[in-house]
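Look at the sequence and the structure first, then read the points below.

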Amino acid sequence: MAMQVPTDVPDVDQIKSFRDFLTSYNKLSEICFVDCVSDFTTREVRPKEEKCALNCMEKYLKMNQRVSQRFQEFQTTANENILAARRQGQTS
């Protein structure tokens with residue numbers, strides 16, 4: 001009798017991806033909170049703090065997207081260089 005693995009259990013890649021997302025989210029929250037929230041005398045979020053937080057999040061997300069894009073471009077170039085070197089080695 002073979003034991004079956006439940007199909008609804010997330011795989012290692014999904015767990016790592018979710019863990020990376022949570023790390024990024026927590027870092028973003030901390031950075032923007034420290035930079036933007038300054039008035040602890042009231043429960044309400046001041047318009048200045050809200051605007052700062054939104055700008056902070058937008059910049060962080062755009063930066064993260066741009067870094068990811070550049071990393072992908074770098075990986076593509078590196079892979080192309082490896083393939084070219086292998087082809088060069090085969091023809092020599």
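A disulfide is a pair of cysteine sulfur atoms within 2.5 Å. The model is predicted. By that rule, Cys 32 and Cys 56 form a disulfide, because their sulfur atoms are 2.0 Å apart. The count comes to 2 disulfides.

**Disulfide Cys 32 to Cys 56**

- This pair links distant parts of the chain, with Cys 32 in helix α1 and Cys 56 in helix α2, 24 residues apart.
- The link of Cys 32 and Cys 56 is left-handed, with -85° about the S-S bond.
- Cys 32 and Cys 56 are both buried.

**Disulfide Cys 36 to Cys 52**

- Cys 36 is joined to Cys 52 by a disulfide, S to S 2.1 Å.
- Here too the pair links distant parts of the chain: Cys 36 lies in helix α1 and Cys 52 in helix α2, 16 residues apart.
- The S-S bond has -70° about it, and the link of Cys 36 and Cys 52 is left-handed.
- Is Cys 36 buried or exposed? Cys 36 has 6% relative accessibility, so it counts as buried.
- Cys 52 has 28% relative accessibility, so it counts as partly exposed. The cut-off for buried is under 20%.

**Pairing order**

- With the bonded cysteines of the protein chain numbered in sequence order, the pairing reads 1-4, 2-3.

**Nonpolar core**

- Which residues make up the largest nonpolar core? Its 5 residues are Leu 28, Cys 32, Cys 36, Cys 56 and Tyr 60.
- Helices α1 (12-36) and α2 (47-91) each supply at least two residues of this core.
- The largest share, 3 residues, comes from α1.
- The core includes both cysteines of the Cys 32 and Cys 56 disulfide.
- Cys 36, bonded to Cys 52, is also one of the core residues.

**Contacts of Tyr 60**

- Tyr 60 is one of the core residues.
- Leaving aside neighbours within four places in sequence, Tyr 60 is in contact with Ser 24, Lys 27, Leu 28 and Ile 31.
- Among these contacts, Leu 28 is also part of the core.

**Nonpolar surface patch**

- Phe 18, Phe 21, Leu 22 and Tyr 25 make a nonpolar surface patch of about 420 Å².
- Leu 22, one of the patch residues, has its place in helix α1.

Definitions and conventions. Residues numbered from 1 in each chain as written. Predicted model: local features only at pLDDT ≥ 70, side-chain atom pairs only at ≥ 80, totals over all residues. Heavy atoms only, no water. Core = buried A, V, L, I, M, F, W, Y, C linked by side-chain atoms within 4.5 Å. Buried < 20%, exposed > 50% of the residue type's maximum accessible area, 1.4 Å probe, protein only. Helix = DSSP H or I, 4+ residues; strand = E, 2+ residues; numbered from the N terminus. Contact = heavy atoms within 4.5 Å. Patch = residues over 30% accessible without salt bridge, like charges linked within 9 Å, V, L, I, M, F, W, Y side chains within 5 Å. Areas by Shrake-Rupley, 256 points an atom, 1.4 Å probe, with all protein chains shown as cover. Salt bridge = Lys/Arg side-chain N within 4 Å of Asp/Glu carboxyl O.
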